[in-house]
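I opened the notebook to look up a few things in one protein model. The entries follow the order in which I looked.

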Amino acid sequence: MSIVTVQLGQCGNQIGFEVFDALFNDSHCPRGLCSKRENEAYQASCKERFFSEEENGVPLARAVLVDMEPKVINQTLSKAARSGRWKYGQHSCFCQKQGSGNNWAYGYSVHGPRHEESIMNLIQKEVEKCDSLSGFFIIMSMAGGTGSGLGAFITQNLQDQYSSALKMNQIIWPYGTGEVIVQNYNSVLTLSHLYRSSDALLVHENDAVHKICAKLMNIKQISFCDINQVLAHQLGSVFQPTYSGEGSFHYRRNPLGDLMENLVPHPEFKMLGVRNIPQMSENSLAYSTFTWAGLLKHLRQMLISNAKMEDGIDWQVRPPLLGLPPLGKMSVNREIHFNTSIANLVILRGKDVHSADVGAFKDPALYTSWLEPVHAFNVWKTQRAFRKYEKSAALVSNSQSLVKPLDRIVGKAWNMFASRAYLHQYTKFGIEEEDFLDSFTLLEQVIASYCNL
């Protein structure tokens with residue numbers, strides 16, 4: 001089944017290019033551990049998901065590119081064309097001459113309704129190319145104007161027009177130090193609107209990815225291109241094909257549906273995070289060896305201590321002892337340190353994958369009490385290695401990991417709202433104070449729900 005990707009704004013288009021490039025390069029590099037037939041099946045499965053019919057022998061990305069300024073889209077199209085390996089369809093983009101000026105309301109209330117028909121027609125044409133549609137993967141930022149405002153508007157339209165198709169939004173959480181003065185307003189409005197119309201939000205925090213570039217990749221001068229390549233690596237490790245079951249050599253047909261079924265058991269809990277291990281520069285990779293036991297021990301500790309990478313894991317954090325009443329120090333420690341999960345999916349790729357023991361992820365203490373581990377944990381595998389990693393593991397988790405950053409953003413936005421700072425920028429484009437209050441209420445409920453796990 002195919003996934004139609006919608007790339008929105010500068011951030012969405014730049015990340016989208018790196019994702020397609022990573023997917024294509026991985027699927028077209030034969031891995032020695034696999035037979036020719038297996039490599040070909042992997043390549044065919046990837047192509048069915050993300051690429052459509054070939055144009056002059058070059059596969060086309062199943063994507064629609066949207067931005068209100070032409071510069072980034074033109075750069076993205078030419079980068080893909082220059083690669084010569086794959087490209088975007090020449091009629092799959094929409095751009096205008098004027099951006100949204102980091103104003104969510106302008107993207108949502110002005111650009112959205114004005115260009116709705118043109119953008120939705122492009123998406124429909126892409127959907128019609130699919131033999132079978134798994135759903136939509138929408139890549140956007142949370143804090144800008146076009147990506148966040150128009151992104152929320154388009155997601156809502158997709159929900160209205162394709163109610164039975166799944167929608168997953170990959171959203172970029174802004175730097176805590178701030179990129180634009182109204183980023184907290186934009187973030188609150190984006191998240192609250194997506195919570196109503198999307199099936200899952202796959203979140204990447206800029207601060208966390210920046211640290212991965214600095215500490216694990218050893219990059220001295222970190223660019224957005226470096227950050228986007230790390231994001232693409234993590235997304236590729238989730239979306240590339242895996243076997244459909246234990247002992248099977250057939251690849252999974254419905255990647256989005258399977259992800260949602262495993263990770264979003266309740267509509268109140270939609271926020272997903274990704275962790276990868278190992279993740280390092282190619283120079284370091286040549287001198288590194290890994291065991292499944294070591295990788296999975298580190299990955300589990302990253303999960304329960306809420307570490308975004310293996311550098312700096314807090315090994316003091318331990319699961320709470322089941323059966324003890326949540327009183328005194330135990331409950332405080334659990335709240336502060338231990339990252340309780342609703343659902344986890346571990347994806348293993350590479351050599352001897354069937355010998356990997358994931359039993360430690362089935363510990364009931366890791367999960368909320370209302371879900372049995374048998375329903376809360378899943379593992380997907382393939383012996384085909386991902387990129388140049390002989391063994392690698394990805395963890396997609398629905399857990400409390402975003403409670404603190406979400407609480408911070410809501411708090412900062414509320415303080416600005418209470419003093420009526422910058423509200424005129426939103427009210428003049430039709431976003432009223434009542435809309436803000438609705439957004440605050442919804443997100444405070446989300447925070448409370450995750451805290452009560």
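**Entry 1: ground rules.** I am working with a predicted model, in which local features need pLDDT of at least 70 and side-chain atom pairs count only at pLDDT 80 or more, while totals for chains, interfaces and linings use all residues. Residues are numbered from 1 along each chain as its sequence is written, and side-chain values use heavy atoms, with hydrogens and water left out.

**Entry 2: the whole chain.** I looked up the secondary structure and found 16 helices and 12 strands. Here helices (H or I, at least four residues) and strands (E, at least two) are DSSP runs, numbered from the N terminus. The radius of gyration is 21 Å, close to the 22 Å that the globule rule gives for 453 residues, so the chain is as compact as a globular protein of that length. That radius is taken over C-alpha atoms, and the globule rule is 2.2 Å times the number of residues to the power 0.38. The C-alpha atoms fill a box of roughly 65 × 60 × 45 Å along the principal axes. Of the 453 residues, 58% are buried.

Entry 3: Helix H6 covers residues 183–197 and reaches 21 Å from its first C-alpha to its last, close to the expected 21 Å. The expected span is 1.5 Å times one less than the number of residues. In H6, 14 of the 15 residues are buried. In H8, 13 of the 16 residues are buried.

**Entry 4: cavities.** How many cavities of 30 Å³ or more does the structure hold? I found 4. A cavity is a set of points, on a 1 Å grid over the protein atoms alone, where a 1.4 Å probe fits but cannot get out; lining residues have an atom within 4 Å of a point. Grid points are joined across faces, edges and corners, and a volume is the space filled by probe spheres set on the points.

The largest cavity holds about 160 Å³. Its lining has 14 residues, and Val 203, His 204, Glu 205, Val 274 and Lys 308 lie nearest its centre. Strand S8, helix H7 and strand S9 each give two or more residues to that lining, with the largest share, 4 residues, coming from S9. I sorted the lining into 7 nonpolar, 4 polar and 3 charged. Nonpolar means Ala, Val, Leu, Ile, Met, Phe, Trp, Tyr, Cys and Pro; charged means Asp, Glu, Lys and Arg; the others, Gly among them, are polar.

The second largest cavity has about 40 Å³. Its lining includes His 233, Asn 276, Arg 349 and Phe 386. S12 gives the most to this lining, with 3 residues.

**Entry 5: cysteines.** I counted 0 disulfides, a disulfide being a pair of cysteine sulfur atoms within 2.5 Å. For Cys 29, the nearest cysteine sulfur is that of Cys 46, 11 Å away. Cys 29 is partly exposed at 34%, and Cys 451 is partly exposed at 46%.

**Entry 6: one threonine.** Is Thr 76 buried or exposed? Thr 76 is buried, at 4% relative accessible area, and sits in helix H3. Thr 76 and Asn 13 are 63 residues apart in sequence, with their C-alpha atoms 6.9 Å apart in space.

Notes. On a 1 Å grid over the protein atoms alone, a cavity is a set of points where a 1.4 Å probe fits but cannot get out, and a pocket is an open set with protein on both sides within 12 Å along at least five of seven lines; lining residues have an atom within 4 Å of a point. Buried means under 20% relative accessible area, exposed over 50%, partly exposed in between (1.4 Å probe, protein chains only).
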